[in-house]
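Hi,

Here is the structure I promised to pass on. Have a look at it first, and my notes follow below.

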Amino acid sequence: MFRDIGKRFTFITVLLTVFAILCGCSDSVIVQEEVKRRESTGASWTVMIYMCGSTLEEDYGRAGEVLSSLSYDLPQNVNVVVETGGSRKWNTADIYPEYLQDFEVQKNGIRLVNQKPSENMGSSSTLSSFFEWGMDSYPADNYIGVIWDHGGGPIGGVAYDANNEFDSLSLSEIKDAMGSLRSKLDIIGFDASLMSNLETASALSLYADYLVASEDVMPMNGWDYRGLFEYISNNPSATASEVGGIICDGVKNGASEHEKELVSMAVTDLSNITTLTLAFDGMAEVMANAADNIDSLRNISFAMNELEYLGGNSKWEGYSNLVDIGELTNVVTEQIGSPAANIANAINKVVVYKAMSDYHNMSGGLSVYYPGHRDSDEISAYRAVSMSENYMEFIEKTCIDTEIDGRINNFEDAGAWAQYSELVKSNYMSAETDMSGMYVLNINHPEIITRAGVNFYMYSADNQGYLYLFRDYDTKYDEASGGYVYELSGRLPRLNSTPVAMYLVSQNTCFDIYSIPVIYEGEIANIRVSRSKQSDDYGEYTILGIWKGVDPESGMADRKYEELNNGDVIIPIYEMYGGEEGSYVEGSKIRIGFGGAKITEKLIDDGDYIVSYTAEDLYGITYECDTNNLTSTNGKIRIMNY
């Protein structure tokens, strides 16, 4: 319940301000006196921002920056309240990790109206208490609930409390919190990454009218709150979907130049989500049945390789395991047929507004979990949030070799797995150059392989071994020979003039996204780059930024994309051939000059290299063939067959 704390809080605030000045904190954004509002403009709105500072505040001071931007001359019919917590350190004066503090937005700053000892912001009870307090203290015709922090998708959750071992709000906890409220929210919004997904929409459909969230990483700038306040103040009779559209546009317009391509915002009508989940379940049934046939399963697995993955998707970035549901529908339909029209119609009814970058121009607005990278514990945890038993069955059938707790059935006797197991026993692969100079992968059971790529390793005298550079999937299957063929381009990707390791992390019909692991400011990070498939120069890359990636334990996707600027120093890192999993060696330092950073493809230097094929089968299992030596002399490249 709201408590009038009056003079007692004024005195405490003065003391805390003096203490903050002595400690050298930044200027306070907190004001002491309540100011008079302008006249009401119509229907009432209450916006409740649940701000879990986490590492966004500790490392970047971002929560404090948002708080300092919230001041707005609100009319009497619009109330905005913020609860802060979840950070071990606040860079803004008068905000403390020892407390949960509730603030009211005014035209001259934010006013402290409630304070209590810190509680876990990754707990359902903390979220429900704040929303209940906001609705009881500021009753309105319309309610917007916002959860601000990092996000981790349907399994990782959102709001990672740094004071409580980065415990986060799971979907079930958010659902429980919203289920306890006396009224539905008009909008449940996430100023966080990876929360526009089918699982979240399905879980919260009874407790809010609309979901407003990002499919991919949320740009650091996040929501334009002042733009939101202005819109609902001047248009109090606007519908929730119209307000959601303003929020999405605000994110797109407010993203910094190097983060604009991250934007993937959507407004989802939760009243229609059942239509979409039923249509998806129908497609999942087709997929689950097809997984019993080795040819159909191969077609599905082949199609999955062409999907755009959202969030992290490499051993250095971590794995978010999210794909766009619209793209998933399209590729599955092309291979095996499905109720695609039903799903496309349902998506159009459910996702009522989108604000997408060019990189996400094929996205439907909602993602869904798909374990492109298999983790037994994660797949087991997915059962709790899956909205389709048929889809869970498909995942279990395609991850038959993975230990999954609570498995529906043991599918080892299923036709596809049984036939596959027999073929694997007699399968062999070898790679060599043919008479025409093509590098060929010979396979005696190509029907179990979905794609093959050629790995390049460069000899390093300093490390006395070969360093991984990249895997090229530009191979073609030749039915006549029953194998894959590859024509050497003789070109290597370089950061400025240095060969670097690149990992393909995502692709769609227009773009490929790669990740380059580096050490930046003493930590492992990733330089994200894109390559347009529409460009005349297929070797032309665009640097998107430096990104820390996904925490492997919590699933928390970092929001900070940093630019490479003049004077920055990075150290590329490489896996060594035959090295231990997760180990790496450091390359030479690269200092960024006035010309900036560029990724280009250039002819390989003279020297020794090794190449090998990696084949991926219909169950996602990979096989690497024996290596072949490659030499480059005066621009001439030759692979040695032994």
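Predicted model: local features only at pLDDT ≥ 70, side-chain atom pairs only at ≥ 80, totals over all residues.

I started with the rings: a search of the whole structure turns up 26 aromatic pairs. Rings of Phe, Tyr and Trp (its six-membered ring) pair if their centres lie within 6.5 Å, with planes under 30 degrees apart called stacked, over 60 edge-to-face and the rest tilted. Take Tyr457 and Tyr468: their ring centres are 5.7 Å apart and the planes sit at 70 degrees, so this pair is edge-to-face. The pair links distant parts of the chain, with Tyr457 in strand S20 and Tyr468 in strand S21, 11 residues apart. Helices (H or I, at least four residues) and strands (E, at least two) are DSSP runs, numbered from the N terminus. Tyr457 counts as buried at 7% relative accessibility, and Tyr468 is buried with a relative accessible area of 7%. Buried here is under 20% relative accessible area, exposed is over 50%, and partly exposed is in between (1.4 Å probe, protein chains only). Elsewhere, ring pairs join Tyr50, Phe130, Phe131, Trp133 and Tyr138 into a cluster.

Residues are numbered from 1 along each chain as its sequence is written, and side-chain values use heavy atoms, with hydrogens and water left out.

Two charges sit over rings, by the rule that NZ of Lys or CZ of Arg is within 6 Å of the ring centre and within 35 degrees of the ring normal. Arg451 lies over the face of Tyr473, at 3.9 Å from the ring centre. Lys560 does this with Tyr60, at 5.7 Å from the ring centre.

On a 1 Å grid over the protein atoms alone, a cavity is a set of points where a 1.4 Å probe fits but cannot get out; a pocket is an open set with protein on both sides within 12 Å along at least five of seven lines, and lining residues have an atom within 4 Å of a point. Grid points are joined across faces, edges and corners, and a volume is the space filled by probe spheres set on the points.

The second largest pocket has a volume of about 860 Å³. It is lined by 33 residues, and those closest to its centre are Asp472, Tyr473, Asp474, Thr475 and Arg531. Among the elements that each supply at least two lining residues are helix H11 (294-304), strand S20 (449-460) and strand S21 (465-472).

There are also three cavities of 30 Å³ or more. The largest cavity holds about 130 Å³ of space. Of its 14 lining residues, Asp216, Glu261, His360, Ile513 and Arg528 are the closest to its centre.

Finally, what about the backbone? Most residues other than glycine have a negative phi. Ser54 has a positive phi of about 45 degrees although it is not a glycine; Ser54 lies in helix H2 (residues 54-60) and is buried, with a relative accessible area of 0%. Glu165 also has a positive phi, near 55 degrees. Glu165 is in the loop between strand S7 (158-161) and strand S8 (167-169) and is exposed, with a relative accessible area of 76%.

Cheers
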